[in-house]
Amino acid sequence: MTFRYALLSAALVAASLGGGRGAAQTSGQTGGMVPADPQTVTAQEQVPVSIWDRKPWPVSHYSARVGGFWALNTTGIGIGTDKNPYSILDFENDLGMNRNTGSLLLNVNLRAGRHKRSRFDLSYYYINRSSTATLDKDIHFGDHDYPVDAEVDAFLNTNIVRFSYGYAFLSSPKVELGALVGLHVLGFRAGMSAVGNTQQFNYTDRARFTAPLPDFGLWGTWAFHRNWAVSTEAGYFSVKIDNLDGRILSGSLYLQRRLGPHWGIDVGYTLFDVKISLDRPHIQGDVEWRYNGPSITAVYRFGNK
């Protein structure tokens, strides 16, 4: 009996030692010394994204806009020569031009830099108008004096190309603020013609000139909802270079709606006010042009944020 109890005790001790070694081996195989599968790394173990790489949702590497713009115009233009002084004509009141006009609006935008803080912007739009009116006073335009009661045909075509570079000095997931420097290139073509009935005359005068005007300004964007944002921009500059004296004031406000990963729509309101005085050897003139009105554009955004 004593021998049997001793043999049974030895067997139990051996079994106990063998199980401990098996547990130790299992622990060594699954312990922290063995590298974990990369796919099992938790979100807390991942490297966090820098706040400087997070932008308001309207910011993308590339964006393009196309839409319509409706402008309420106030226009005063005077064109003359050394031989014929001029007076400022109100193109809406004196020549009967329509104050309300529509225009095609095109825009492309590029973001560059490590954190997309640099912004390059190019826009183009035009406003073309024409009218036929009977003069209620004598006017001077170009090389001729147009008498009262003359029936005149007039036109005014304006093309605007604007390029700007901006830098965001404040950028966060919801708010972006920046400063910009831009250049408006304004092309004007104006003309008038009349044929006298009781008086024998046949006048035609046309003028065209291009005025490059720089401006400086600020812009900002606030993404107050995952699909809604507000953006604004304002600029001003006054310059006198050789025979060109100009001043420009501009501002805009947009409500932006995201419709999907790439598409969106912007509804905005724009103000633009420019004054130009030109004194060249064969032409002198003044332009005072102001417009304001709403716009709506379709937006396509693409590229990494």
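Tutor: Helices (H or I, at least four residues) and strands (E, at least two) are DSSP runs, numbered from the N terminus. Residues are numbered from 1 along each chain as its sequence is written, and side-chain values use heavy atoms, with hydrogens and water left out.

Student: Which elements does the protein chain have?

Tutor: The protein chain has one helix and 13 strands. Read from the N terminus on, their order is α-β-β-β-β-β-β-β-β-β-β-β-β-β.

Student: What makes D94 count as buried or exposed?

Tutor: The words have cut-offs: buried means under 20% relative accessible area, exposed over 50%, and partly exposed in between, with a 1.4 Å probe and protein chains only. D94 has 15% relative accessibility, so it counts as buried. For the protein chain of 305 residues, 41% count as buried.

Student: Which residues does D94 touch, not counting those up to four places away in sequence?

Tutor: D94 touches L89, A133, L135 and K137. A contact here means heavy atoms within 4.5 Å.

Student: Why is the pair R129 and E92 called a salt bridge?

Tutor: The term asks for a side-chain nitrogen of Lys or Arg within 4 Å of a carboxyl oxygen of Asp or Glu. For R129 and E92 the closest N and O atoms are 2.7 Å apart, so the pair meets the cut-off. R129 lies in strand β4 (residues 118–134) and E92 in the loop between β2 (89–90) and β3 (100–112), so the bridge ties together parts 37 residues apart in sequence. R129 is buried at 6% relative accessibility, and E92 is buried at 6% too.

Student: How do you know that D215 and R162 form a salt bridge?

Tutor: Their closest N and O atoms are 3.8 Å apart, which is within 4 Å, so the name applies. D215 belongs to strand β9 (residues 202–225) and R162 to strand β7 (residues 151–171), so this pair ties together parts that are 53 residues apart in sequence. D215 has a relative accessible area of 0% and is buried; R162, at 11%, is buried as well.

Student: Which residues are linked with D215 and R162 in a network of salt bridges?

Tutor: R119 and E233 join D215 and R162 in that network. A search of the whole structure finds nine salt bridges.

Student: What makes R290 and D273 a salt bridge?

Tutor: The distance between their closest N and O atoms is 3.4 Å, so this pair also falls within 4 Å. R290 sits in strand β13 (residues 283–302) and D273 in strand β12 (residues 263–280), 17 residues apart. R290 has 37% relative accessibility and counts as partly exposed, whereas D273 is buried at 13%.

Student: Where is R301, and what does its side chain reach?

Tutor: R301 is found in strand β13. Its side chain reaches the backbone oxygen of P58 at 3.1 Å. R301 is buried, at 6% relative accessibility. Leaving aside neighbours within four places in sequence, R301 contacts residues including W57, Y62, Q256 and D266.

Student: Which residues make the nonpolar surface patch?

Tutor: Among them are V66, L104, F120, V161 and L183, and the patch covers about 810 Å². Patch members need over 30% relative accessible area and no salt bridge; nonpolar side chains (Val, Leu, Ile, Met, Phe, Trp, Tyr) are joined within 5 Å, and like charges within 9 Å. L183, in strand β8, has 37% and is partly exposed. Strands β3, β4, β7 and β8 (175–195) each supply at least two residues of the patch.

Student: What is pLDDT over residues 1–53?

Tutor: pLDDT, the predictor's confidence in each residue from 0 to 100, stays under 50 there. Where pLDDT is low, the predicted coordinates should not be read in detail. The mean pLDDT of the protein chain is 82, and 80% of its residues reach 70 or more.

Key:
Polar contact = N/O pair within 3.5 Å; in protein donor to acceptor, adjacent residues only side chain to side chain. Areas by Shrake-Rupley, 256 points an atom, 1.4 Å probe, with all protein chains shown as cover.
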